[in-house]
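Subject: Structure for you to look at

Hello,

Here is the structure I said I would pass on. My notes on what was found follow below it.

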There are 4 protein chains.
Amino acid sequence: MDTAVKYIFELPIKVRDYEVDAEGIVNNANYLHYFEHTRHEFCEQAGLTFREMHERGLDPVVRCITVRYIRPLGLGSSMVSKLALKRRGPVFEFIQDIYTPEGDAVAKAVVEIASFRNGRVSRGDELAEAFKDYLN
Amino acid sequence: MDTAVKYIFELPIKVRDYEVDAEGIVNNANYLHYFEHTRHEFCEQAGLTFREMHERGLDPVVRCITVRYIRPLGLGSSMVSKLALKRRGPVFEFIQDIYTPEGDAVAKAVVEIASFRNGRVSRGDELAEAFKDYLN
Amino acid sequence: MDTAVKYIFELPIKVRDYEVDAEGIVNNANYLHYFEHTRHEFCEQAGLTFREMHERGLDPVVRCITVRYIRPLGLGSSMVSKLALKRRGPVFEFIQDIYTPEGDAVAKAVVEIASFRNGRVSRGDELAEAFKDYLN
Amino acid sequence: MDTAVKYIFELPIKVRDYEVDAEGIVNNANYLHYFEHTRHEFCEQAGLTFREMHERGLDPVVRCITVRYIRPLGLGSSMVSKLALKRRGPVFEFIQDIYTPEGDAVAKAVVEIASFRNGRVSRGDELAEAFKDYLN
């Protein structure tokens, strides 16, 4: 089923050793950092940096996130963070999966983003315009 | 419906201002830190610290987490982090909800924990023993 | 010599276990988080929260920091974070020392803060006014 | 004077937007993460990963750190993190400077590392052996 996901962006990331906790594995919270960084790098590639959005009063906000942790990463590990994107009205749904360089699944997440304009939920049309080549 | 959750532990937490990102709200990843810290403080109250577990070769690991972000926290905000617990065979399911001091919902999560013993999934009997007064 | 430091504020802090890295000790960067959180709690006690400062266009910025790490903290450790304050013209010098609850030194730091007003270095008079009962 | 520093390693790093705090600049503590990550990447290039050291019971520990913050980094900023190295008996002194891609100084640090072997301070001979081509 996962093979059916059509990723539109991928980013190689290397674990920074401070992200590894006393159990010797990357702490669960750091995956949300990896996911966010991947989204922002994707946005930049799509021509709309997070900085520009923020300066224009447009703030994407995480509304819901589900993560399955499949295989731990440790000191010095490398990963590839992949992303697919759907729009559901004002909500953008990012499918975000992390793999080892060999292609084994590490973590799989769905992240729902709503966009706020000057503090109020927006219809997301600016984001949809920026993402139009990537939405399926 | 939420009123039906019987919380067994709660922890007041104050936002540390470095947890607030450029959008002026606590970054999504930090909630996983709040949830983990709450679980560990609960374990300590139940008589089994994370340190002791780790020294005995027993490492609880997050298998799945779902978070709904309802209301943002910002600079200087206070919160109350509440917890309920269920066992499903080897998996412990923590219901973890964060509220403002006034009782408004901030974030609601379900965190599934499996416990590992010397690197292998365990049946979780040590944890169940420690948590026996709290499981419903 | 350290006994000569007249601390004007202290804050008990408990290690959150995610702050402990693969070496089993609190990662060096987290001490800067403890120091910052302590300064902000001190400011709040002095009647001037970081949020209020920020909303008034007044942003304290770290200019220089020196930390000596004396004794590591680990899983579940408790600490007491203490603070003294001097003004040197536009620069506020925070002496920030962390101890175990038993009084053994954990880390000792000097943190120099300059305050910015709407993006420019200010003379620091607002901060000096807020801190006037604490400056020696 | 800084031009006299003979850097032996450099690493391009891009700010991850969650590292930027409510003031719109990278939070002071994150620089210690950048410095540590740079040291570990350097060690890997020198043929001795942090993971291998740790598995052999050899743990480098930060003893003292001094950072001067010169120019802030913000959302989407890029940097180049550079490193030079000296040995002083059992202590390794890392000169760690961060620049913008255009060569403007962002932060300058000196980080003293002592190495521990199975929990006790070591003479640092294993590190010196690994670093022998880089020590001046």
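Predicted model: local features only at pLDDT ≥ 70, side-chain atom pairs only at ≥ 80, totals over all residues.

Salt bridges

Over all chains, the structure holds 48 salt bridges. One of them pairs Arg16(A) with Glu19(D), with the closest N and O atoms 3.0 Å apart. Arg16(A) sits in the loop between β1 (9-14) and α1 (28-45) of chain A, and Glu19(D) in the loop between β1 and α1 of chain D, so this pair joins two chains. Arg16(A) and Glu19(D) are both buried.

Another salt bridge lies within chain B, between Glu10(B) and Lys82(B), where the closest N and O atoms are 3.9 Å apart. Glu10(B) belongs to strand β1 (residues 9-14) and Lys82(B) to strand β3 (residues 78-88) of chain B, so the pair ties together parts that are 72 residues apart in sequence. Glu10(B) is partly exposed, its relative accessible area being 47%. In chain D, the side chains of Glu129(D) and Lys132(D) also meet in a salt bridge, at 3.5 Å from N to O.

Asp21(D) is found in the loop between β1 (9-14) and α1 (30-45) of chain D. Asp21(D) is buried but has no salt bridge. Neighbours within four places in sequence aside, Asp21(D) is in contact with Asn27(D) and, from chain B, with Val20(B), Asp21(B) and Ala22(B).

The interface of chains A and B

Here 23 residues of chain B are in contact with 23 residues of chain A. Between them the two chains bury about 2000 Å², 55% of it on carbon and sulfur atoms. Glu23(B), Asn28(B) and Tyr69(B) account for 26% of the area that chain B buries against chain A, more than any other three residues. The count of salt bridges between chain B and chain A is zero, whereas 10 residue pairs are in polar contact across this interface, both residues being at pLDDT 80 or more. On the side of chain B that touches chain A, α1 (28-45), α2 (50-55) and β2 (58-69) each supply at least two residues. The most comes from β2(B), with 11 residues.

Relations between copies

Chain B can be laid on chain A by a turn of 180° and a shift of 0.0 Å along the axis, with an RMSD of 0.0 Å. Thr66(B) is the residue of chain B that comes closest to the rotation axis, its C-alpha being at 2.1 Å. Of the contact residues of chain B, 100% recur in chain A, and the same surface serves both copies.

Chain C can likewise be laid on chain A, by a turn of 180° and a shift of 0.0 Å along the axis, with an RMSD of 0.0 Å. These two copies are thus related as by a two-fold rotation axis. Also, 100% of the interface residues of chain C are interface residues in chain A, so the copies meet through the same surface.

Regards

Key: Residues numbered from 1 in each chain as written. Chains lettered and ligands numbered in written order. Heavy atoms only, no water. Helix = DSSP H or I, 4+ residues; strand = E, 2+ residues; numbered from the N terminus. Buried < 20%, exposed > 50% of the residue type's maximum accessible area, 1.4 Å probe, protein only. Lys, Arg positive; Asp, Glu negative; His and termini not counted. Salt bridge = Lys/Arg side-chain N within 4 Å of Asp/Glu carboxyl O. Contact = heavy atoms within 4.5 Å. Least-squares fit on C-alpha atoms with pLDDT ≥ 70 in both. Buried area = accessible area lost by both parts, 1.4 Å probe. Polar contact = N/O pair within 3.5 Å; in protein donor to acceptor, adjacent residues only side chain to side chain.
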